[in-house]
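Dear colleague,

Please find below the structure that I am handing over to you.

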Amino acid sequence: MPELPEVETIRRQLEKEIVGETIVAVWSDRPKMLRPSAERFLKGVKGRKVREVSRRAKLLIFELDEGYFVCHLRLSGRLFVRQKDDEADDYAHVILKFKGGQELRFSEMRLFGYLADQEALGGILSKYGPEPLDDLTADKFYSILRKTSRPVKIVLMDQHKIAGIGNIYANDALFLAKIHPQTPADKLTRGRSDILFTAIEQVFKEGLKYGGASDQWYLQVHGEEGSYQDYFKVYGRTGQRCDVCGTEIERVALGGRGTFFCPECQK
DNA sequence: CATGGGTCCTGAGTGC
DNA sequence: TGCACTCAGGACCCAT
């Protein structure tokens, strides 16, 4: 699932590919993926030029010469940069067509992802928590954790508390920090909070270094896979041996999400 | 405000 | 081989 490292990898690639392009048309066979509606979305972007591609949490933000729109990849979303005569992409439900024949194709098997204009977003961008690689500090992180007794993994994944952490990196960061996912957030000492904060930075940097994790659907803008999935520590590794102690990795459900940990290293 | 459950959607996986 | 069924999963919505 695209999390901060995957979305940031795509952002960096898009920045090189589509800045300066002018949107001349939008095609879709699933108009519900365009917000607030296909008609209004089209009206907001047609004829506009892409000035910059930025990111907030897991949202890609396309800054235009007038206004902006965003894209959320949710579970199985992919963005491909293609030429108009390139062969079709599976599950491509929205295509932005640029002047000159280049295209930005939004492929989304589960149909949870969306493109939204400013109007459809309301104020949601300001409701996200701090960016882990940017404005989050060890102090802020500790103060977030001590305010709730929910399991620490649930807190990590709460976008309103901290932005950009999803299931893969939450599991792997907790493993690196040797913290059990179910630990109540407010039971962590300042020292362990600091270790977890560093672990989050570490797994995100590693994810970025490998171009993201392509364990299910995620692909980069030309269809390449990332390779962080080859370096998963616990995520998706039920029954395999822990790299540190050799104990079998376990899986439990926490908040309805698959949760992976080493019962020996993470107590 | 904090918390937890339901919901969306479809391919993959399971059982027969 | 193929059918019917269940499940995963991010974030929003709603009830408590």
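A polar contact is a pair of N or O atoms within 3.5 Å; within protein, one must be able to donate a hydrogen and the other to accept it, and residues adjacent in sequence count only if both atoms are side-chain atoms. This is a predicted model, in which local features need pLDDT of at least 70 and side-chain atom pairs count only at pLDDT 80 or more, while totals for chains, interfaces and linings use all residues. Residues are numbered from 1 along each chain as its sequence is written, chains are lettered from A and ligands numbered from 1 in the order in which they are written, and side-chain values use heavy atoms, with hydrogens and water left out.

I begin with DNA strand B. The residues around DNA strand B are R30, Y91, M109, R110, L111, F112, T148 and R150, where a residue is near a strand if one of its heavy atoms lies within 4 Å of it. Sugar or phosphate supplies 69% of the atoms of DNA strand B within 4 Å of the protein, and bases supply the rest. This surface has four nonpolar, one polar and three charged residues; Ala, Val, Leu, Ile, Met, Phe, Trp, Tyr, Cys and Pro count as nonpolar, Asp, Glu, Lys and Arg as charged, and the others, Gly among them, as polar.

Next comes DNA strand C. It is surrounded by 17 residues, of which the closest are M1, K58, L75, R110 and R257. Sugar and phosphate make up 61% of the atoms of DNA strand C that come within 4 Å of the protein. The side chain of R257 places an N or O atom 2.5 Å from a base nitrogen of DNA strand C, and a polar side-chain atom of R74 lies 3.0 Å from a base nitrogen. At G258, a backbone N or O atom is 3.0 Å from a phosphate oxygen of DNA strand C. By class, the surface near DNA strand C has seven nonpolar, five polar and five charged residues.

I turn now to the helices, which are DSSP runs of H or I of at least four residues, just as strands are runs of E of at least two, both numbered from the N terminus. Helix α1 (residues 4-18) packs against helix α7 (residues 190-209) at an angle of about 40°, with the axes 8 Å apart. Axes are lines fitted to C-alpha atoms, for helices over the stretch in contact, and angles run from 0 to 180 degrees between N-to-C directions. Contact, meaning heavy atoms within 4.5 Å, is made by L4, P5, E8, T9 and R12 of α1 and by F204, G207 and L208 of α7. These residues divide into four nonpolar, two polar and two charged.

Helix α4 (residues 138-145) also meets α7: the axes come within 9 Å and cross at roughly 115°. The residues of α4 in this contact are A138, D139, F141, Y142 and L145, and those of α7 are R190, S193, D194, L196, F197 and I200.

Finally, two backbone details deserve attention. The peptide bond from R35 to P36 is cis, with omega near 5°, and P36 sits in the loop between β2 (34-35) and α2 (38-45). Y91 has a positive phi, near 60°, in the loop between β6 (77-83) and β7 (92-98). Most residues other than glycine have a negative phi, and most peptide bonds are trans.

Yours sincerely
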